[in-house]
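Here are a few friendly notes to read alongside the model. Take the points in order, and keep the 3D view open as you go.

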Amino acid sequence: MKRFIKILVNALAVVMLGVCALSFTACQDMKTIEVNTKVYSTTDSSFKERTLTIDLYRHLAPKTVDAVLSAIEKGYYDNAFFYIDNSIEEPQIMIGQYKYVDGQIVQNDVEMPTIKGEFENNGVIGSNLKSNRGSVGLWRSWYANGSYTVSNEARNSGSANWYIPTAGLNGYTGNFAVFGTYDLENEDNADIIADISSLTNVSLTVQNYENYVVFFTGEYQETGKNNGLTFHCVLASEFSASDYEEIFVAEGNQLVCYNMHTITVPFANRDNATLKTIGATITSINVK
């Protein structure tokens with residue numbers, strides 16, 4: 001009888017250890033980030049400090065979420081600004097790649113490694129979340145000889161930049177890793193997205209944005225920062241292609257993210273002749 005009780009106690013201990021381990025894993029996979037923002041409201045003509053609360057789905061896209069958490073720890077998103085990339089036809093807000101320093105748009109100087117894309121068409125079950133309003137995904141590039149739906153190594157080109165859909169992006173399903181969602185019923189969340197959309201709305205009488213031309217020069221390399229290319233960003237109203245001898249155009253298995261394109265950047269004081277103030281930025285991020 002004593003032996004039976006001992007066996008039973010040992011068995012229960014093993015079960016309890018298993019439950020604890022599962023609970024710990026579940027805890028590790030349940031993450032929430034509070035994205036503290038400073039966004040100019042065209043309605044109130046003033047800046048609002050609000051928090052975008054995003055639930056992370058590490059159990060669906062562990063490498064992607066870990067990459068995002070690592071970027072947060074390194075300060076990648078601090079003072080990064082929200083913008084619209086006009087080379088992309090789909091309606092979405094972007095964040096992470098650029099910062100505004102002394103009146104100039106520059107590339108983010110915090111370097112992050114690329115990761116394997118965690119989505120179905122890259123051979124990874126990964127995230128089964130769709131790119132709809134209320135979702136946040138990891139942006140990536142693709143090769144000039146295809147598109148984001150064509151299977152190639154460009155599917156592993158994502159690092160730390162986010163895209164935030166303002167409408168359903170059906171074509172993205174299975175081709176991009178959606179790593180988190182935010183509650184559309186949350187007033188702060190809704191106001192942040194609405195204010196950014198208003199700042200970049202081309203149909204408004206008063207325009208609160210500037211268009212910039214982003215382009216690269218030099219010779220494409222397989223490795224190195226920007227694949228060996230040199231970054232440039234110029235106000236669209238001041239840009240002239242003839243001022244530059246060789247503007248890079250991707251060919252074959254070269255990433256199209258280096259092709260010349262325009263970005264729409266929101267400002268609170270677009271007409272300030274001295275120094276414009278970015279209209280929508282991340283000030284800090286808290287991990288819960």
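1. Let us begin with a term. A pocket is an open set of grid points with protein on both sides within 12 Å along at least five of seven lines, and a volume is the space filled by probe spheres set on the points. Please keep in mind that this is a predicted model. With that in hand, the second largest pocket has a volume of about 180 Å³. Lining this pocket are 14 residues, and G103, Q104, Y212, L235 and K276 are the closest to its centre. Two elements, β5 (104-107) and β10 (230-235), each give two or more residues to the lining.

2. Which strand gives the largest share of the lining of the second largest pocket? That is β10, with three residues. Sorted by class, the lining of this second largest pocket holds eight nonpolar, four polar and two charged residues.

3. Now turn to the largest pocket, where the space comes to about 1200 Å³. Its lining has 46 residues, with T114, S157, L255, C257 and Y258 nearest the centre. The elements that supply two or more residues to this lining are β3 (80-85), β4 (92-101) and β9 (209-217). Of these, β4 makes the largest contribution, three residues. By class, the lining of the largest pocket splits into 21 nonpolar, 19 polar and six charged residues.

4. How many cavities of 30 Å³ or more does a search of the whole structure find? The search finds one, and the volume of this largest cavity is about 70 Å³. Among the 13 residues that line the cavity, G117, F119, L138, R155 and G158 are the closest to its centre. The lining comprises six nonpolar, three polar and four charged residues.

5. L138 also belongs to the next topic, strand β6. In a regular strand the side chains alternate between the two faces of the sheet. In β6, S135 and G137 point one way while V136 and L138 point the other way, and all of them are buried. Strand β6 has an antiparallel pairing with strand β8 (residues 177-181) over four bridges, and another antiparallel pairing with strand β7 (residues 162-165) over two bridges. The bridge partner of L138 in β7 is W162, while S135 stands opposite T181 in β8.

6. Is S135 buried or exposed? S135 has a relative accessible area of 3%, so it counts as buried, since the cut-off for that word is under 20%. This residue is found in β6, which covers residues 135-138. The S135 side chain reaches the backbone oxygen of N132 at 2.6 Å. Setting aside neighbours within four places in sequence, S135 is in contact with K130, Y163, I164, P165, V178, G180, T181 and Y182.

7. For a contrasting residue, look at A236, in the loop between β10 and β11 (261-266). A236 is partly exposed because its relative accessibility is 34%, and that label covers values between 20% and 50%. Although A236 and N211 are 25 residues apart in sequence, their C-alpha atoms are 5.5 Å apart in space. Apart from neighbours within four places in sequence, A236 is in contact with N211, Y212 and V213.

Conventions
Residues are numbered from 1 along each chain as its sequence is written. This is a predicted model: local features need pLDDT of at least 70, side-chain atom pairs count only at pLDDT 80 or more; totals for chains, interfaces and linings use all residues. Side-chain values use heavy atoms; hydrogens and water are left out. Buried means under 20% relative accessible area, exposed over 50%, partly exposed in between (1.4 Å probe, protein chains only). A polar contact is a pair of N or O atoms within 3.5 Å; within protein, one must be able to donate a hydrogen and the other to accept it, and residues adjacent in sequence count only if both atoms are side-chain atoms. Contact means heavy atoms within 4.5 Å. On a 1 Å grid over the protein atoms alone, a cavity is a set of points where a 1.4 Å probe fits but cannot get out, and a pocket is an open set with protein on both sides within 12 Å along at least five of seven lines; lining residues have an atom within 4 Å of a point. Ala, Val, Leu, Ile, Met, Phe, Trp, Tyr, Cys and Pro count as nonpolar, Asp, Glu, Lys and Arg as charged, and the others, Gly among them, as polar. Two strands pair if DSSP finds at least two bridges between them.
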